[in-house]
Amino acid sequence: MIRKALVSIIALAAFAGCENYDMQMRDQVTFKHQEYPSIGAPAGSVPITGKRVDYSELDGALIANPYDGDVGLTKEGGKLFKSFCTPCHGADGTTANAPVADKFDPRPANLQDDAVVELTEGEIFQTIIDGVGAMPAYKYELSDKEAWEVTLYVLSLQGRK
């Protein structure tokens, strides 16, 4: 009898331990895939990578390229362009061989078009950072330097660098 009671008490304790009575795991703050946490940094704090400029408030034509003349950046920009831009704009920027360009209406911009070639370096950079239309903003995926590398690569595709 005592043995039966002891087994019952142990079984009851084991089953009770399976339920999380304080709901810590069940009622926690969560966020979805590819969504940034909604808890912001404390006011006035500076990220360890340095403070990021908000380019959306600036005139893109007035943004100067701090890496102008550094030819080595174009090669790195080509690697980034292949990863981030080729699916929509194609390897040569014309969207002719872009895997997903036909799925968009309107189609992604042809980077060889006169309207795009007329953009300044700063306007291309600002488009990469802040996005435009269906093009996403890459300010969370690319650093400013990497965005300038892609900008220089786009300029080289256009024959401007």
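What is the volume of the largest pocket? In this predicted model, the value is about 480 Å³.

Residues are numbered from 1 along each chain as its sequence is written. Because the model is predicted, local features need pLDDT of at least 70 and side-chain atom pairs count only at pLDDT 80 or more, while totals for chains, interfaces and linings use all residues, and side-chain values use heavy atoms without hydrogens or water.

**View 1. Lining of the largest pocket.** The lining comprises 24 residues, and H89, A109, T127, V132 and M135 lie nearest the centre of the pocket. A pocket is an open set of points on a 1 Å grid over the protein atoms alone, where a 1.4 Å probe fits, with protein on both sides within 12 Å along at least five of seven lines; lining residues have an atom within 4 Å of a point. By class, 20 lining residues are nonpolar, three polar and one charged.

**View 2. Helices at the largest pocket.** At least two lining residues come from each of α2 (72-84), α3 (86-89), α5 (121-130) and α6 (144-157). The largest share, three residues, is supplied by α5. Helices are DSSP runs (H or I, at least four residues), numbered from the N terminus.

**View 3. C85 and C88.** The structure holds zero disulfides, a disulfide being a pair of cysteine sulfur atoms within 2.5 Å. For C85, which is in no disulfide, the nearest cysteine sulfur is that of C88, 8.5 Å away. C85 is buried at 11% relative accessible area, whereas C88 is partly exposed at 23%. Buried means under 20%, exposed over 50%, and partly exposed in between (1.4 Å probe, protein chains only).

Note on methods:
Points joined across faces, edges and corners; volume = space filled by probe spheres on them. Nonpolar A, V, L, I, M, F, W, Y, C, P; charged D, E, K, R; others polar.
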